[in-house]
Amino acid sequence: MTAVDEPPVTPQEPAQEQQPERPIGFGRMKRKEDPRFVRGKGRYVDDIQLPGMLHGAVLRSPFAHARILSVDTSAAEAHPRVKAVITGETLAGLGLAWMPTLSRDTQAVLATDKVRFQGQEVAFVVAEDHYAARDAIELIDVEYEPLDPVVNARHALAAEAPVIRDDLEGRTDNHVFDWEAGDSAATEEVFARADVVVEQTMLYPRVHPAPLETCGAVASMDPVDGKLTLYSTTQAPHAHRTLYAMVAGIPEHKIRVVAPDIGGGFGNKVGIYPGYVCAIVGSIVTGRPVKWMEDRSENLMSTSFARDYHMAGEIAATREGKILGVRVEVLADHGAFNSTAQPTKYPAGFFHIFTGSYDIEAAHCRVTGVYTNKAPGGVAYACSFRVTEAVYLIERLVDCLADELGADPAELRMRNLLRPEQFPYENKTGWTYDSGDYPACLRKAMDLVGYEELRKEQNERRARGELMGVGLSFFTETVGAGPRKHMDILGLGMADGCELRVHPTGKAVVRLSVQTQGQGHETTFAQIVAEELGIPPEDVDVVHGDTDRTPFGLGTYGSRSTPVSGAAAAVVARKVRDKARIIAGAMLEVAPDDLAWTKGRWSIKGDPAMSRTIQEIALAAHGSLELPDGVEGHLEATTVYNPPSMTYPFGAYVCVVDVDPGTGSVKVRRFVAVDDCGTRINPMIIEGQVHGGLADGVGMALMEIIGFDEDGNCVSGSFMDYLLPTALEVPAWELDHTVTPSPHHPFGAKGIGESATVGSPPAVVNAVLDAIGVRHADMPLTPSRVWQALQGGEVEAPQ
Ligand code: MCN
Ligand code: CUM
């Protein structure tokens, strides 16, 4: 959201980097939003103070699985500063005890019958201040009858496992869905004739996006005009508004969802949490605004986790190392409610991209979803909808194959990568990769890191008993969901609106349906409009994150902003440019066809001195100029962009690690990342995205896990236990890029927001395993697990 009091923008630096022909829009421009952030003037949900505002707190279940026998709220209600206590019973009376999830399941807003994971929402207290609300939840007396919990996905499918979702009619097991992709017969055939088959089971453990700002909301129901304003930490304000309207029965035009500054989302803020709904109900019952902000433990224990994919993969190849086929069986742990966020048709997200970047004859995957007594959510954490798991699977399998064949992992990859002439390439699960030059990208990464010399160094060190490893990964992503005919979330098609208005003085405002959680949209979307209209990016105001001020669209996740909304911004700017041509024709008294566009102006062909700038045209469009029949005044346009297909960014990563044989601790010595996201809007922002994603990858590979004990207690409920990488754990990243524009995107861009998170974990894991000479061990490769692996013992599977 562009704050009204936004300080003046730092002057733009000249565009650099391979794009000298783009002096206006694209380039390394400093972020327009940063002057407010670096001065501590960002405006986050928790900064919002409304007159008469009350504060809510959630009472959560201490048990992973228990029947609720009774809930006594009398002591809490008697607290002098408490204004309301809301329970599942209260909500049931309003028909709001259960809400639909993004995966067409249901989730308890406040538990009525049973609690199904530790940390589940049981009651909501509204009080005069935050402390009183927290105190009062302690006064609620809930009587539980503990039940056996299931936290292990495999046990969840056993016949004797307790049924978690007995609220669902006729439910006798914990099975959520089965889904498959690819051709199983063709895959069997290539496996039957392969010289070599390597099998490897692996777990991508449960991890958490852990944004700096936790989730929260301020709900304000105006009792006079019946309008609900909800400030909330959301990555998808429009989709949330529609869902609130559908669920609560509030007319949609009477709901305004505002996402102000968001302190990181990383997927954590895609879904709707019970706390948001409780804040709304709290405001309705008290007639006053209600703020709810969760604390760190609540965020880690109860909001959208990621991964938890148990994968049994197999790769088939010839003796010479030509990969023939891949197949995989996945057990997907979805927690207590199936509330993952991905397009409806794809319960396993875009996992079907598990054939990776390779020319493979046949492939097949089967994914089975299960309920467990763990927090619901899933997918989130810079994942591109399960592409993270898919890339990890194939990049680990390729290394296992290299190990089996005694081949060099870089050579093995090079020999199997798709070749540039194969694009557009339809993979074996039916997805068409738009463009790429994979070998050039891998070559660049190998040259940059000095691959051959590193292997020499490794051999020398090995001879001295030192453990050094080099790990690679080559990934292909699929980002930019729709098109709408294939992709929807709860029936809402994945397309995005955009509006552009040029004011009489030539300044512009562009309104987006997506919004930033730190990705820099206020800058890059201004750059897109600037590039297309030839006006300075400083003259373009970007409005987003407010459903009353922006057109409908599905929001920011799956790195879809640039591929979808960025395309919309370009299309709408081109519409404005076309209209400007007609007006310029009227101004210069020539036919529009006689005009030629050069950045920022229309001029008469062959007479460039006879021209009108966009600014001059904008003024004339609002003035008294006689316009041709059928042409309306003013200079503005709207569009809804329905992407023809997804975009396929890719990259080659090389990680170098040193492992201490005595302690098993891993030092990431170097990390080279060569990314290709097609046409680059702002290289500085891209580098920032890649830096963050690489740190994510090091964290997941070495440190991060949301773990549970046998009783279903979450043992990772604070940053003392859920370890995030800091500057100390990461090296100085070495970045480079190639540019292969997307042929179907208006200016050739692909997404970049999740590439590094998706691509880096296998590079780090491959490097560590290369160093210690072990074929596989599951993440996170903590010192104790690396040490166990070094002792040759079985490495205990994380829970
Ligand atoms: N960009 C560019 N040129 C390109 C592609 C992108 O300059 N060819 C710029 C974009 O204009 C935008 C940024 O890079 O400013 C990221 O763009 P894009 O890849 O379109 O991704 P989104 O904007 O849709 O962001 C979503 C993505 C996701 S899904 C997660 S998760 C994640 C990520 O972004 N969450 C983030 N990066 C994050 N970065 C921050 N700081 N905070 C988060 O919560
Ligand atoms: Cu899957 S995390 Mo991002 O798509 O918001």
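Let me start at ligand 2, where an oxygen atom is 3.2 Å from a polar backbone atom of G267. By polar contact I mean a pair of N or O atoms within 3.5 Å; within protein, one must be able to donate a hydrogen and the other to accept it, and residues adjacent in sequence count only if both atoms are side-chain atoms.

Quick housekeeping before I go on. This is a predicted model, where local features need pLDDT of at least 70 and side-chain atom pairs count only at pLDDT 80 or more, while totals for chains, interfaces and linings use all residues. Residues are numbered from 1 along each chain as its sequence is written, chains are lettered from A and ligands numbered from 1 in the order in which they are written, and side-chain values use heavy atoms, with hydrogens and water left out.

C383 itself is in the loop between β17 (362-370) and α10 (387-405). Helices (H or I, at least four residues) and strands (E, at least two) are DSSP runs, numbered from the N terminus.

The residues surrounding ligand 2 include V379, A380, Y381, Y557 and E754; a residue counts as near if one of its heavy atoms lies within 4 Å. By class, that shell has 7 nonpolar, 4 polar and 1 charged residues. For the classes, Ala, Val, Leu, Ile, Met, Phe, Trp, Tyr, Cys and Pro are nonpolar, Asp, Glu, Lys and Arg are charged, and the others, Gly among them, are polar.

Next, ligand 1. It has 33 residues around it, and G265, Q519, H521, T562 and I752 come nearest. Its shell divides into 10 nonpolar, 19 polar and 4 charged residues. Where does ligand 1 lie relative to domain 2 and domain 3? Domain 2 (309-481 + 645-790) and domain 3 (495-641) both give residues to the shell, so ligand 1 lies between them. Those bounds come from an automatic or database domain assignment.

For contacts, the side chain of S561 puts an N or O atom 2.7 Å from an oxygen of ligand 1, and a backbone N or O atom of F266 is 3.0 Å from a ligand 1 oxygen. The protein covers 95% of the 830 Å² of accessible area that ligand 1 has on its own (Shrake-Rupley method, 1.4 Å probe; for residues, only the protein chains shown count as cover).

F266 also sits in the shell of ligand 2. Its phi is positive, near 55°, and it isn't a glycine. Most residues other than glycine have a negative phi, and most peptide bonds are trans. R104, in the loop between β4 (98-100) and β5 (106-108), has a positive phi too, about 65°.

Last, the cis peptide bonds: one joins F423 and P424, omega about -10°, and another joins G482 and P483, omega about 15°.
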